[in-house]
Amino acid sequence: MRNIFIACDTSSIQKVKKIIKQSQISLKGYRIGYKFGLEFFYSKNGRKFIEKSKIRNLWLDIKAFDIPNTCFSAIKSLGDLKNISYITAHVSGGYEMLSAIKQATKKYNKKLKILGVTVLTSFSDTSIKKVGHTKSIKDLVRKQALLAKKSKIDGVVCSAHEIKFIKRICKKMEIITPGIRFKGEKINDQKRVLSPKEAFKNGATSIVMGRSLIKGNIKNNIQKLIKSLK
Ligand code: C5P
């Protein structure tokens with residue numbers, strides 16, 4: 001079963017409720033999930049909402065990136081959120097950090113799956129050089145995929161352009177792709193984008209979509225997605 005995660009990028013609980021209500025569809029072969037990122041989780045009532053939520057297939061996109069001890073403790077602090085299925089950590093935090101997160105999930109939240117974020121889809125080969133990297137994004141993502149595999153985490157987050165070679169490294173791992181846009185749509189701050197259909201065709205196990213689904217008429221956007229996957 002492939003997942004379509006809807007990024008609930010808002011700080012409004014009302015908006016989240018609307019997104020959930022208007023995206024209750026059954027689509028053969030696909031399962032809808034919901035991703036809560038920094039905007040919602042950092043908002044005043046965000047954590048409380050997630051705590052009480054009965055929705056299934058939840059992804060808490062915290063993108064952990066700190067020293068191993070701090071990340072271990074952060075996962076301990078999330079230990080009460082047994083309803084979350086996925087959390088994220090930056091692979092560039094390194095093997096020790098990913099291992100600490102793995103240890104913490106084993107101890108405090110056994111069912112929680114860890115996704116390693118490789119190079120953000122908002123980077124291009126030009127902008128990645130400006131933060132000091134000398135390799136191309138492709139080389140960097142390849143290295144990070146190897147590290148994610150070595151760290152025995154559950155999956156990687158990458159752009160849909162990188163799935164094919166990541167699949168050869170991370171054979172049985174989940175591959176989740178943001179940077180998804182309908183054909184001809186504005187890409188905003190994203191740089192490495194493909195359409196939902198192209199991402200699944202390349203081998204994504206899941207995609208995540210935010211603005212294309214939650215801006216404007218949500219029901220119409222979901223219908224557009226269904227049509228585009230046919
Ligand atoms: O609105 P858009 O579809 O561009 O949103 C993409 C979502 O995926 C955002 O919530 C963003 O935080 C998340 N994400 C991403 N790139 C990653 C990991 C997560 O865009 N590498």
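Guide: In this predicted model, the expected span of a helix is 1.5 Å times one less than its number of residues.

Visitor: How far does helix 11 reach from its first C-alpha to its last?

Guide: Helix 11 covers residues 218–229, which makes twelve residues. At 1.5 Å a residue the expected value is 16 Å, and the reach in the model is close to that, at 17 Å.

Visitor: Within what arc do the buried residues of helix 11 fall, seen down its axis?

Guide: The buried residues of helix 11 are Ile218, Asn221, Ile222, Leu225, Ile226 and Leu229. An α-helix has 3.6 residues a turn, so residues three or four places apart point the same way. Seen down the axis of helix 11, its buried residues therefore line one face, falling within an arc of 140 degrees.

Visitor: Which residues are exposed on the other side of helix 11?

Guide: The buried residues of helix 11 pack against several elements, including strand 1 (2–7), helix 1 (13–22) and strand 2 (30–36). On the other side of the helix, the exposed residues are Lys219 and Lys227.

Visitor: Which residue has a side-chain oxygen that reaches to the backbone nitrogen of Lys219?

Guide: This contact is found at the start of helix 11, where the two atoms lie within 3.2 Å. The side-chain oxygen that reaches the backbone nitrogen of Lys219 belongs to Asn217.

Visitor: Is Lys152 buried or exposed?

Guide: Lys152 lies in the loop between helix 7 (137–150) and strand 6 (155–157), and its phi is near 55 degrees, a positive value in a residue other than glycine. Exposed means over 50% relative accessible area. Lys152 has a relative accessible area of 61%, so this residue is exposed.

Definitions and conventions
Residues numbered from 1 in each chain as written. Predicted model: local features only at pLDDT ≥ 70, side-chain atom pairs only at ≥ 80, totals over all residues. Heavy atoms only, no water. Helix = DSSP H or I, 4+ residues; strand = E, 2+ residues; numbered from the N terminus. Buried < 20%, exposed > 50% of the residue type's maximum accessible area, 1.4 Å probe, protein only. Arc of directions from axis to C-beta. Contact = heavy atoms within 4.5 Å. Polar contact = N/O pair within 3.5 Å; in protein donor to acceptor, adjacent residues only side chain to side chain.
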